[in-house]
Amino acid sequence: MKPKLNIAMIGYQFMGRAHSNAWRQVGRIFDPPYEPVMKVICGRNEEPLKRAAERYGWQEYSTDWEDAVRRKDIDVVDICTPGDSHMPIAVAAAEAKKTVFCEKPLANSLAEAEKMLDAVKRASCIHMLCHNYRRAPAVMIAKQLIDDGQIGEIYHYRGSYLQDWIVDPDFPRVWRLEKARAGSGALGDLVSHTADLSRFLVGEITEVAGFLKTFITERPLPGSKSKAPVDVDDAAISLVKFENGAVGTIEASRFALGHKNHLRFEINGSKGSIVFDLERLNELQLYIEEGPNGGFKTILATDAKHPYIDAWWPPGHIIGYEHTFIHTVLDLLKAIADQKLPTPNFEDGVRNQRVLDAVERASISAKWERV
Ligand SMILES: NC(=O)c1ccc[n+]([C@@H]2O[C@H](COP(=O)([O-])OP(=O)(O)OC[C@H]3O[C@@H](n4cnc5c(N)ncnc54)[C@H](O)[C@@H]3O)[C@@H](O)[C@H]2O)c1
């Protein structure tokens, strides 16, 4: 019998569903050091919360997260709520000495992110930030190729994250379009992911130029005809300089018609290039300089030798979006067993937030800003 770890998860919609699936599946596919027990799911509205608890398989539900995160029988607090509640939940969980697992972006502001890092450091607890795309096998292969020097010295990172779900001006002003709840728009939601991948693959960003744009400045409130202002960015565009001399662009938009969840990066080095596109999650494009007839080749990241794949299916039997969350919680469980900090953690979250903060400053100053 494996030791058990009791989980309390706050938030039960999109990420609540993805994380519930990950906690449920991880021990069925992998051999983690603990059996995660889906103890209590938290939210504010009892009826939908109760339905979510039944559907996802949580033992209990609670409309009082403050009580849940302090319970003696809870080991891990999993935060799947909008950014405005990340800081209070994470700080309370750290003070109660729990492992804290938090959705991205770490917080709505740099000051909040720093408070969260301070709290987990003071409590000496394990903490992790859910930038799940790091754990797509094709992205891990890109990391290995870069670390092995196969791409050579890196010159460019070209990252974009494009969606199109709010092009309709009548799309309601949901929480993602409200600064007080989301902190920012495409910047915190989308740039945070591609900036995290750039830090993971290329290195630290030291300086940025950039600007933020809101195309539709007011929208109807959900279920109502009255309008409210949109005070977050619809698109965020930035130029970035890395500590190691590489340069790059990072662009994110919710107004890129035709692109649903198009996270793409291209890395060009002195010996080769790599291209990844989340909508082709199992593939990595690789070009290694090898004479006039060499072109990009496609690595299908489904061989047993590829990261995480030996536990899944035979070669060519592809995996999907939800698997990246399963890989993330697997590595969190291993980190807890080893009492080592997993990555990305709240330190990464703060560094990421510094990049977002610098892009916001650059958008106002119209100058290069230091991170
Ligand atoms: N890793 C990823 O790829 C990814 C994808 C989508 C969202 N996210 C992040 O996950 C987080 C949640 O986003 P989502 O898409 O799941 O949002 P959502 O709107 O689908 O769900 C939010 C949940 O939080 C609950 N909630 C909101 N405020 C609360 C509060 N004060 N107390 C308790 N519960 C509260 C809501 O009831 C709901 O269940 C955000 O930080 C978002 O940026 C990450």
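**Note on pockets and aromatic contacts**

1. The second largest pocket has a volume of about 170 Å³, a pocket being an open set of points, on a 1 Å grid over the protein atoms alone, where a 1.4 Å probe fits, with protein on both sides within 12 Å along at least five of seven lines. Residues lining this pocket, which have an atom within 4 Å of a point, include Trp23, Arg24, Glu35 and Gln59.

2. This is a predicted model, in which local features need pLDDT of at least 70 and side-chain atom pairs count only at pLDDT 80 or more, while totals for chains, interfaces and linings use all residues. Residues are numbered from 1 along each chain as its sequence is written, and side-chain values use heavy atoms, with hydrogens and water left out.

3. The largest pocket holds about 1200 Å³ of space, and of the 48 residues lining it, Phe14, Met15, Cys80, Trp175 and Arg176 lie nearest its centre.

4. There are 14 aromatic pairs in the structure, where rings of Phe, Tyr and Trp (its six-membered ring) pair if their centres lie within 6.5 Å, planes under 30 degrees apart counting as stacked, over 60 as edge-to-face and the rest as tilted. The ring centres of tryptophan 165 and phenylalanine 171 are 5.4 Å apart and their planes stand at 80 degrees, so this pair is edge-to-face. Phe14, Tyr133, Tyr161, Tyr321 and Phe325 are linked into a cluster by ring pairs.

5. Lysine 241 lies over the face of tryptophan 368, at 4.3 Å from the ring centre, the criterion being NZ of Lys or CZ of Arg within 6 Å of the ring centre and within 35 degrees of the ring normal.

Conventions:
Points joined across faces, edges and corners; volume = space filled by probe spheres on them.
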